[in-house]
Structure formats: structure tokens, C-alpha cells
Amino acid sequence: MCTTFCYRPQAVKGAYFGRSMDIDCSFGEHLVVSPRAAKRSYKHLDNPPTTQMSLMGMASVVNETALYAEAISESGLYCAGLNFPRTAHYGKPISGAINLAPYELIPYLLTQARDLNQAREILRQVNLCDTAFMPGLPVAPMHFFLSDGGNHLIIEPQADGIHIYEDDLGVLTNNPPYPTHRANIENYLHLSTANRGGGVIEPTAYGEGLGLVGLPGDFSPMSRYVRTAILKAAAQQVPAQHSPEPVFEVLHLLHAVAMVRGSVVTAAGNYDITRYFACFGQEDLTCTFHTYDNFQPYAVRLRDHDLDSSDLVVYPLPEAGELPTPPRK
């Protein structure tokens, strides 16, 4: 279970993308920089594209290949994959299509498209295939959030094909499909950041914050979607002179949907926690992140690397009490 969104505060150039990873165990994640010439293979493409851009995000690295959970490219395009169980469906390769395994979609889009218009053209040709990276790594059921900061797409592979939605709220969590999330949030149009009072019986409000009574507080995907969308909209309306550093505001928004160890227990008896919190700045191409057990923010800037290299740069995530470690190649 995860949450991602695009945040655009007033009077600030560019957008910021937030991502929380809710999971019951590590998947070997690191912050990984993939330069333009880094190894990228596509199982169903005989003639893979040569034009590539660099990207950076959280990924596991297997056989020198970065398997991204989310990433931002050097052009400022952001894409994240989120768990979509029981609904995601992948097919077989189709002649004439751009046949991609699900884990290939993020690097393909971000290295080939400079903006959302180019990405739309690519997506019209994409077919997502039921193809694992290797034995022992099962195909993950995913849907995807894609944004250039101004506009956003939701990409959902289902049994009747890939559905692509224009997203006006800039938020995604997990199952159910996007149209259900978008319809459900209209049940909360009565919520307000203004305090309650002056109702039928004219009581005096006993404290602040009553305007948001009824805002969902549980960790289900639909509740996290509503909470994120409403709190993000409220934060974006704060005048520039009162608005804090956007990076930290994004992290605060992620904390608002963070899972506390013990609050969500899986069927296997494991504890879901928010493994990491990450903010990607579009203008400076910086990822600022911290982990569940280490609240010290750590920032990495894409442009500080040799983007023409072929070597992945891997930053291990710091655990409790650790300082960030130097990158390894």
C-alpha cells in the first residue's frame, strides 16, 4: 500500500512529487541514479530505443538493472508504480505494439518522453505483458501515476485493456480503480478548513479543526486518497508568505498517511509500515527522503552525477541511528 501525489505551492516554480512506500518488508530498495548510458533491457523489444535520459528514484538493483518503484527524469517527468491487487491484468505480447513488462514501463516512459504529451503518444502503443524479470521475482500487480507537474495521468492495466485517465487532483493510492476514488471524494465536499459553528442549534465550537470532522483517518486506500487530496489542496492554498519550504510540506503530507508499526497487520502476520518517505523536486531534480526508523532527511541531486556515464549510482538507505552512507557503483 502506497501514496503518491503532485504538490504545487503558490508562487513556487516547478512541482514537487511525494511518495510513501507502505510495505511489510524491504524489497532491497536504494536511491538509484541511472545515467543516460546505463544498462536497460526490454524483454520483448528486438530494437530497443537508443535515445535515453537519466533518471533517479527508489529501486532494487538486480543483475545491474534498476527496478524502479518511482523515479523522476532529467526533464522533470515523474512516474510511480503502486500496488493494484486483484484488478491489475497483463496480457501477452501483441504484434505491432510496444510490448513491455510492468517493471519496464517506468524507465521506458521516463527515458523516452520529455513531457506528458510525448508520454501520451507512447502510451497509445504500449501493451503491458505478464512477464517476470526473472524466476523468483513475480510480476507485481501495479497501476501508475505519471505527471509533468502541470497535468497528471493514471495508467491502469485491466482485463479489458489499459485505461488511461486524466487526473485533476494529482493523487493516487491503491485499489480500487481511479474512477471509484474520484467519485468517492465527492462524499467529502462538505469538509472545510474553517471551524464549525453557527449551525441550527448555534453552539460555540469547543476547539479548532471541527471543519474537518469526518476526514477519514484509517489506512485503507480510499481513505488515504481522500485524506491526501484534501490536505494537499489545503496546503496549496496557503499564501506564499506563510508557506514553508515545499520539501518539508511534502514530507508532512506523507506523514499524514504514514502507517505506524502495529497498526496494519497483514494476513501473514507481518506489520505494514511506511518504509520510506520521498520528495522529488522538479526544478532542482533533488530527491529528499528519510526512512521509518531514521527521520534525518537525506538529499541527492541528479545533476551532481555524471549523466553520460553507464554506471548506476546506488545510495543505501540509512537505518536507525545511521548516517547516510556514500554511494556505491
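A nonpolar core is a set of buried Ala, Val, Leu, Ile, Met, Phe, Trp, Tyr and Cys residues joined through side-chain atoms within 4.5 Å. With that in hand, let us look inside this predicted model.

The largest such core holds 52 residues, and L31, M56 and F289 have the most contacts inside it. L31 touches residues from several stretches of the sequence, including M56, C287, F289, V300 and V313. Apart from this core lies another, with 33 residues, among them L55, Y68, L105 and Y108. As background, nonpolar side chains in soluble globular proteins tend to be buried together.

Now to the rings. The whole structure contains 9 aromatic pairs, and two of them are set out here.

| Pair | Centre to centre | Angle between planes | Arrangement |
|---|---|---|---|
| F17 and Y78 | 4.6 Å | 5° | stacked |
| F289 and Y298 | 5.2 Å | 65° | edge-to-face |

F17 belongs to strand β2 and Y78 to strand β6, so the pair links parts of the chain 61 residues apart. F17 has a relative accessible area of 0%, and Y78 is likewise buried at 0%. Ring pairs also join F17 and Y78 with F145 and F280 in a cluster. In the other pair, F289 is buried at 0%, while Y298 is buried at 15%. Elsewhere, K43 lies over the face of F133, 5.7 Å from the ring centre.

Finally, a loop residue: A38 sits between β3 and β4. Is A38 buried or exposed? A38 is buried, because its relative accessible area is 4%, under the 20% cut-off. A38 touches Q52, S309, S310 and L312, and its C-alpha atom is 9.9 Å from that of V313, 275 residues away along the chain.

Key:
Residues numbered from 1 in each chain as written. Predicted model: local features only at pLDDT ≥ 70, side-chain atom pairs only at ≥ 80, totals over all residues. Heavy atoms only, no water. Helix = DSSP H or I, 4+ residues; strand = E, 2+ residues; numbered from the N terminus. Buried < 20%, exposed > 50% of the residue type's maximum accessible area, 1.4 Å probe, protein only. Contact = heavy atoms within 4.5 Å. Phe/Tyr/Trp six-rings, centres within 6.5 Å; stacked < 30°, edge-to-face > 60°. Lys NZ or Arg CZ within 6 Å of the ring centre and 35° of its normal. Lists of a residue's contacts leave out its neighbours within four places in sequence.
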